[in-house]
Amino acid sequence: MNTFEFTRSLYRRLRAWPLIGPLAEAVRYRRFPVISSASRRYAEQQALLEAQGHALAGLRQSAASHQALLEAQGHALAGLRQSAAGLEAEIYKQADLLNQRMDAQQIAVDKRLEFQRQETLFELRYQGRGTNSALPCAAASPVAPRIVNPEKLQRQIAQGAVRLNIGCGHKPDADRLNVDMRELPGVDIVATVDQLPFEAAAIQEIFCAHLLEHFPIEQLKRSLLPAWLSHLEPGGELRAIVPDADAMLKAYASQQIDFATLRLVTFGGQEYEGDFHHTMFTPESLCDLLVELGLQNVRIEARGRVNGLCLECEVAGNKP
């Protein structure tokens, strides 16, 4: 047996012994315990702390870099927002300018059309009579009363509430029977205001808007309003809207409206035969007229109410 085999045989025997076996293993694989002093342990801990400090400094530097990047991105985003706000403001400004130009053009077109309309009506009215003439070109032909919408009339009769809107013009009321001497869209009965095709005491309500001022006050007292009242059933209501002269004059005195508006509302547009005003009312004077005609529960429903260029009032009363 040579030396190598002897050593290996001895190692195998000693490896199974307690204490000696592990020592033999340590000798073979050079696993000797390291005995360190306190100074060496301190140095190792110091080196570990320094390494951790360097790592922490690196992390802080990285965090600072990210913070700087975020700040830069925030500044860039703020700049974009400011730029977007400026662009939005400019868009709104340009849109406002465009709307103003369009409005100005529309106003100019409307004024031109209104001027042409007035000139045409003026020529038709005063043709061949000179500008100082107040007579119509031809006498108005009589209008025979005619019911255009009998179905609507029958519905109101069946409901027991016939309600008229006299002199409706171009503003018909869907809830009332619209009466006008012209067969305009929405007119249900073609008739003059003093030739209503109804029996006495057959109507529950008579309503008129901006109509009474077109008649002389004595005609209203003596013929027109008494004729209307004869058609009302007992308890029936007469309701009228007229320009409020009191409110109009006060508005002109306080410079809220100009003279042209005051004159137009007071005397009418005078574009056709029925567009002349013959009288004016305050809420109180219209109430006095209705009381004089014998109405009860006469009341002012509105005064100084804005309606286009006009300040109007509304008065109502009931037939005894």
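Colleague: Is Cys 168 buried or exposed?

Modeller: Cys 168 is buried, at a relative accessible area of 7%. Buried means under 20% relative accessible area and exposed over 50%, with partly exposed in between (1.4 Å probe, protein chains only). This is a predicted model, where local features need pLDDT of at least 70, side-chain atom pairs count only at pLDDT 80 or more, and totals for chains, interfaces and linings use all residues. Residues are numbered from 1 along each chain as its sequence is written, and side-chain values use heavy atoms, leaving out hydrogens and water.

Colleague: And Cys 208, buried or exposed?

Modeller: Cys 208 is buried, with 0% relative accessibility.

Colleague: How many disulfides are there?

Modeller: The structure has zero disulfides, counting a pair of cysteine sulfur atoms within 2.5 Å as one.

Colleague: Switching to helix 6, which residues are buried there?

Modeller: In helix 6 (residues 245–253), the buried ones are Ala 245, Ala 247, Met 248 and Ala 251. Helices are DSSP runs (H or I, at least four residues) and strands likewise (E, at least two), numbered from the N terminus. The buried residues fall within an arc of 165° seen down the axis, so they line one face of helix 6. That arc is taken from the directions from the helix axis to the C-beta atoms.

Colleague: What is exposed on the other side?

Modeller: Lys 250 and Ala 253 are exposed there.

Colleague: What do the buried residues of helix 6 pack against?

Modeller: They pack against strand 6, helix 7 (259–267), strand 7 (296–307) and strand 8, with contact meaning heavy atoms within 4.5 Å.
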